[in-house]
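Subject: Structure handover

Hello,

Please find the structure below. My notes on what was found in it follow.

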Amino acid sequence: TPPVNVVAGTQGMRLYVLVPGYRQEDISVSIEEDRLHLRGERRGPAQEGEEAKVIAGFDRSIRLPFRPDGQHVRAAIKNGLLELFLPVPLADQLRTIPIIES
């Protein structure tokens, strides 16, 4: 499984996943409740009349401390590094409550 670095903040989490040799179309990212699923599959060249064979792959599930706002999750890949941003839903974000003098 690829190594993952996690940076957590009040707005959400950033995950950095090392996936050298994988392209955008080789990787799938999905979220189910509080679980992040990462799957990757690299295929070798296809022989004539045969389907390309899988030469490397991974399947990793990570339990998250919150249910991310799925509509605002962002994923990008560049130079073998997959970067994900998982925002905390607005209802769950830390808010400062002002105190008034009465």
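The side chain of H37 makes a polar contact with the side chain of S61, at 3.5 Å. A polar contact here is a pair of N or O atoms within 3.5 Å; within protein, one must be able to donate a hydrogen and the other to accept it, and residues adjacent in sequence count only if both atoms are side-chain atoms. This is a predicted model, in which local features need pLDDT of at least 70 and side-chain atom pairs count only at pLDDT 80 or more, while totals for chains, interfaces and linings use all residues. Residues are numbered from 1 along each chain as its sequence is written, and side-chain values use heavy atoms, with hydrogens and water left out.

H37 belongs to strand β4, residues 35-43 (strands are DSSP runs of E, at least two residues, and helices runs of H or I, at least four, numbered from the N terminus). With a relative accessible area of 13%, H37 is buried (under 20%; exposed is over 50%, partly exposed in between; 1.4 Å probe, protein chains only). Leaving aside neighbours within four places in sequence, H37 is in contact (heavy atoms within 4.5 Å) with S28, V29, S30, E32, R60 and S61.

A search of the whole structure gives 1 aromatic pair. Y22 and F58 form this pair, edge-to-face, with 5.2 Å centre to centre and 75° between the planes. Rings of Phe, Tyr and Trp (its six-membered ring) pair if their centres lie within 6.5 Å; planes under 30 degrees apart count as stacked, over 60 as edge-to-face and the rest as tilted. The pair links distant parts of the chain, 36 residues apart: Y22 is in the loop between β2 (12-18) and β3 (27-32), F58 in strand β5 (residues 54-63). Y22 is buried at 12% relative accessible area, and F58 is buried at 11%. R42 lies over the face of Y22, 5.1 Å from the ring centre (the criterion is NZ of Lys or CZ of Arg within 6 Å of the ring centre and within 35 degrees of the ring normal).

As for the whole protein, there are 0 helices and 7 strands. The radius of gyration is 18 Å, well over the 13 Å that the globule rule gives for 102 residues, so the protein is more spread out than a compact globule. That radius is taken over C-alpha atoms, and the rule is 2.2 Å times the number of residues to the power 0.38. The C-alpha trace spans about 80 × 25 × 20 Å along its principal axes. Of the 102 residues, 30% count as buried.

Regards
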